[in-house]
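Here is a short report on side-chain pairings.

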Amino acid sequence: MKIGWIGLGHMGSPMARRLLDAHFDLFVYNRTIKKTEKLAEAGAAVCKTPKDIAENADVAAVYQALKQLNF
């Protein structure tokens, strides 16, 4: 299964890492690209936009503070 992950902060990053450890195909996006580096080294595909997540993943999870999202 291809999983998309948006938000690699204090909660999102370790949770995404567990998906990699469980051998899921993982696509990640974070506004701060530096936060994607360790997951990329571990095998995650880094996406440039949330749209890329939607186009590549079967399912997506968003771990972003609500005050930072624009509805």
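Arg 17 is partly exposed, because its relative accessibility of 37% lies between the limits of 20% and 50%. The model is predicted. Arg 17 forms a salt bridge with Asp 21. Both residues lie in helix H1 (residues 12–21), four residues apart, about one turn of the helix. Asp 21 is partly exposed too, with a relative accessible area of 48%.

A search of the whole structure gives three salt bridges.

| Salt bridge | Closest N and O atoms |
|---|---|
| Arg 17 and Asp 21 | 3.0 Å |
| Glu 37 and Lys 34 | 3.6 Å |
| Lys 51 and Glu 55 | 3.8 Å |

Lys 51 and Glu 55 share helix H3 (residues 50–56). They sit four residues apart, about one turn of the helix. Both are exposed. In the bridge of Glu 37 with Lys 34, Glu 37 is partly exposed at 40% relative accessible area. Lys 34 counts as exposed, at 58%.

Now the aromatic rings. The search of the whole structure finds one aromatic pair. The ring centres of Trp 5 and Tyr 63 are 4.8 Å apart, and their planes meet at 10°. Planes under 30 degrees apart count as stacked, so this pair is stacked. The pair links distant parts of the chain, 58 residues apart. Trp 5 belongs to strand S1 (residues 2–6), while Tyr 63 lies in the segment after strand S4 (59–62). Trp 5 is buried, with a relative accessible area of 6%. Tyr 63 is partly exposed, at 33% relative accessibility.

Methods: Residues numbered from 1 in each chain as written. Predicted model: local features only at pLDDT ≥ 70, side-chain atom pairs only at ≥ 80, totals over all residues. Heavy atoms only, no water. Phe/Tyr/Trp six-rings, centres within 6.5 Å; stacked < 30°, edge-to-face > 60°. Helix = DSSP H or I, 4+ residues; strand = E, 2+ residues; numbered from the N terminus. Buried < 20%, exposed > 50% of the residue type's maximum accessible area, 1.4 Å probe, protein only. Salt bridge = Lys/Arg side-chain N within 4 Å of Asp/Glu carboxyl O.
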